[in-house]
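Here are my notes on the model, as numbered points. Please read them with the structure open.

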Amino acid sequence: MKLFKKNEFVEKDIKREDLPKSIKAIMTTITTLLSFSMLIPLLLTISVSFTDNETLMLEGYKLIPSKWSTSAYEYLFKAGSQIWQAYGISIFVTIVGTVAGLFVMTTFAYAITRNSFPWKKQYVMFVYITMLFSGGMIPIYMMVSNVLGLRDNILALILPLCVNGTYILILRTYMRTSVPPTVVEAAKIDGAGDWRCFWQIVLPMCKPVVATIALFLAVAYWNDWYQAFLYIVKNDDIVPIQLLLKRIENEIQYLSNAANTGLTGVELQRLNENLPEESVKMALVVMVVTPILVTYPFFQKFFISGITIGSVKE
Amino acid sequence: MKFLKEVYKNKVLLLMTLPVTVLLILLNYCPMFGALMAFQDFKAYKGFFGSEWVGFKNFEFLFKTSDAWIITRNTLCYNLVFIILGAILAVILAIIFDLLGKTRLNTVNQILVLFPHFISWVVGSYFVYTVLSFDKGILNGIIEFFGGTPINWYNEPKAWPFILPIAHFWKGIGYSSIIYYSSIKGISLDYYEAAKIDGAGWFQQVRYITVPMLKSIVIVMLILHMGSVFRSDFGLFYLVTRNSGALYNVTSTIDTYVYNGLTQGSNLGMTAATGLYQSIVACILVITTNAIVRKVSPDDAMF
């Protein structure tokens, strides 16, 4: 992408000086409609979560229901100890995973960008190969759950997402281009060891890229359901919030299948009683989205500049 | 001896590389070796080293079933639609966002369009459900309002080749349009100034400057995505479709097929063979596309 020159700061309105007003109006309408229609499912979910349950049965999902109610949230706050537990697990996994991932990947990137390190090439190759070829879902599953014995262990939620070849290479590229080797060498002559150089010189100089990777990791951990789906089978204490949401959906599927497969009325009724009501489900969805919804306005700018950092090549 | 000396000299740096090395060996390299179970009559109780080797039998089984054709077709066709239509839509969106400039409404729109990127498919599948639910969804509500009969979308295979791309674009279009948007922002304004002096209007500027300047990045993105044309977004195809059996014909991809094979405990060797088939084709595709990128635009080659 060397074709392009950075000139974001001299933004003049050359391109849009003679854009006719009518065209501009049409374009604005299109993009506005598009962006708000993308929000409709979210808004709908929020309003369903605030809808009275009987109204829901009668009217179906409506953006503006005829009767509002906060009973779903009251129910969640009162009855939902499992939900808070799952919430806590998700927060724990997100924080620990992000910190651990950052630590191991930045130290790795630091080591393979030292000129004095004799096996730079081999290590880079070692990372590349993992990006090229994957053993596939089943051998990975066998490895984690049977060989390492991490089934129903919280480490199974953390380790698989901790290291990512692409992130390592982004970090390496950034360290190579933005940290002059002479700075580190000078510090070494003054007697600083590698750990000290890493913490006090290289890491502070890499703040933008480290922040970007942290953001990527945190979003990936918070949104991860797949690892939990595969590895958390029996231990209900460490179910993260995304899996909990997935499980509730499964139970409902089970119920609708059961209706066709001839379960007795009593069994059906029992299942029905254990099921959270529609609005409670949607309230849970809202609670899962809320942390992202709340932080999104702050991190989106960061994320956008991160995309550009990520695409910088040597 | 010399090697040991080197190791000793670099002991701190080696220690720094250790965690990643161990994790990659355990979670990436060992499974690569484990993928050889595709050539076994794998039995869980016998383990990897105890199971019997059966050569290519699993692959023969796989390619004799109609499944192999269906999952390959679905994976490829959906990905091609996602990649090609996605690129066109994202470029158009990026150009419009750029033309509208830095008004407050435009900035808000850009931020809103990117938002679904940060939502997991678990949540996304609930969102889709609010629209498609048989008795309560708004889509059936609209159909009923106009006097039609409601449709059970999760049992209607014909609809999903349209629903899945819409869901995919809902989540991904903002992200890809930002990539193109930042490339447009990187085009030197001198070009536009010169074009203006020559009397080019806004559309001609887009047609003769923006689009040609984007060509190289679009091509690179297309080629890069081609490398992953054999992989599918598991969440989209498994969760959004609610793994509905009635839809398998049009929604099952290699990834969901492997997963269903794993959970239903059917022939594990054959399921692993499916996974290996995917990995090998994907690997060949990545290497080939990278070779092409290297020709087209060496700066963007991955290796």
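1. Helices are DSSP runs of H or I with at least four residues, strands are runs of E with at least two, and both are numbered from the N terminus. With that in hand, Val108(B) sits in helix α6 (residues 104–114) of chain B. The relative accessible area of Val108(B) is 36%, so Val108(B) is partly exposed. The cut-offs are under 20% relative accessible area for buried and over 50% for exposed, with partly exposed in between (1.4 Å probe, protein chains only). Trp160(B) is 52 residues from Val108(B) in sequence, and their C-alpha atoms are 31 Å apart in space.

2. A word on the basis. This is a predicted model in which local features need pLDDT of at least 70 and side-chain atom pairs count only at pLDDT 80 or more, while totals for chains, interfaces and linings use all residues; side-chain values use heavy atoms, with hydrogens and water left out. Residues are numbered from 1 along each chain as its sequence is written, and chains are lettered from A and ligands numbered from 1 in the order in which they are written.

3. Chain A overall. Chain A has 15 helices and 0 strands. Of its 314 residues, 50% are buried. Take the contacts in chain A with a separation of 6 or more: 72% of them join residues 24 or more positions apart. Contact here means heavy atoms within 4.5 Å.

4. Domains. The bounds come from an automatic or database domain assignment. In chain A, domain 1 is 20–69 and domain 2 is 81–236 + 291–311. The C-alpha centres of these two domains of chain A lie 37 Å apart. In chain B, domain 1 is 1–30 and domain 2 is 57–124 + 159–300. For chain B, the C-alpha centres of domain 1 and domain 2 are 36 Å apart.

5. A helix pair between the chains. Helix α6 (residues 137–147) of chain A packs with helix α2 (residues 11–34) of chain B at about 120°, and their axes are 8 Å apart. Axes are lines fitted to C-alpha atoms, for helices over the stretch in contact, and angles run from 0 to 180 degrees between N-to-C directions. α6(A) and α2(B) are therefore oblique to each other. Angles under 35 degrees count as roughly parallel, over 145 as roughly antiparallel, 65 to 115 as roughly perpendicular and the rest as oblique. The crossing of α6(A) and α2(B) is right-handed. Handedness is left if the near helix is turned anticlockwise from the far one by less than a right angle, and right if clockwise.

6. Who meets whom in that pair? From α6(A) come Pro139(A), Ile140(A), Met143(A) and Val144(A); from α2(B) come Leu26(B), Leu27(B), Cys30(B), Pro31(B) and Gly34(B). By class, the contact of α6(A) with α2(B) has 8 nonpolar residues, 1 polar and no charged. Ala, Val, Leu, Ile, Met, Phe, Trp, Tyr, Cys and Pro count as nonpolar, Asp, Glu, Lys and Arg as charged, and the others, Gly among them, as polar.

7. A pair within chain B. Helix α11 (residues 202–226) and helix α15 (residues 268–296) of chain B pack at about 165°, with axes 8 Å apart. α11(B) and α15(B) are therefore roughly antiparallel. Their crossing is left-handed. Ile219(B), Ile223(B) and Met226(B) in α11(B) meet Leu285(B), Thr289(B), Ile292(B), Val293(B) and Val296(B) in α15(B). That contact of α11(B) with α15(B) comprises 7 nonpolar residues, 1 polar and no charged.

8. A pair within chain A. Helix α4 (residues 81–112) and helix α10 (residues 194–205) of chain A pack at about 105°, with axes 11 Å apart. That makes α4(A) roughly perpendicular to α10(A). Residues of α4(A) in this contact include Phe103(A) and Tyr110(A), and those of α10(A) include Asp194(A), Trp195(A) and Trp199(A). The contact of α4(A) with α10(A) divides into 8 nonpolar, 2 polar and 1 charged.

9. Backbone points to check. Most residues other than glycine have a negative phi. Asp152(A) has a positive phi of about 60° although it is not a glycine. Asp152(A) lies in the loop between α6 and α7 (155–162) of chain A. Arg242(B), also not a glycine, has a positive phi near 55°. Arg242(B) is in the loop between α12 (234–240) and α13 (248–251) of chain B. With a relative accessible area of 9%, Arg242(B) is buried.

10. Last, a loop residue. Glu277(A) lies between α14 (265–274) and α15 (278–311) of chain A. At 46% relative accessibility, Glu277(A) counts as partly exposed. Glu277(A) and Glu74(A) are 203 residues apart in sequence and 13 Å apart in space, C-alpha to C-alpha.
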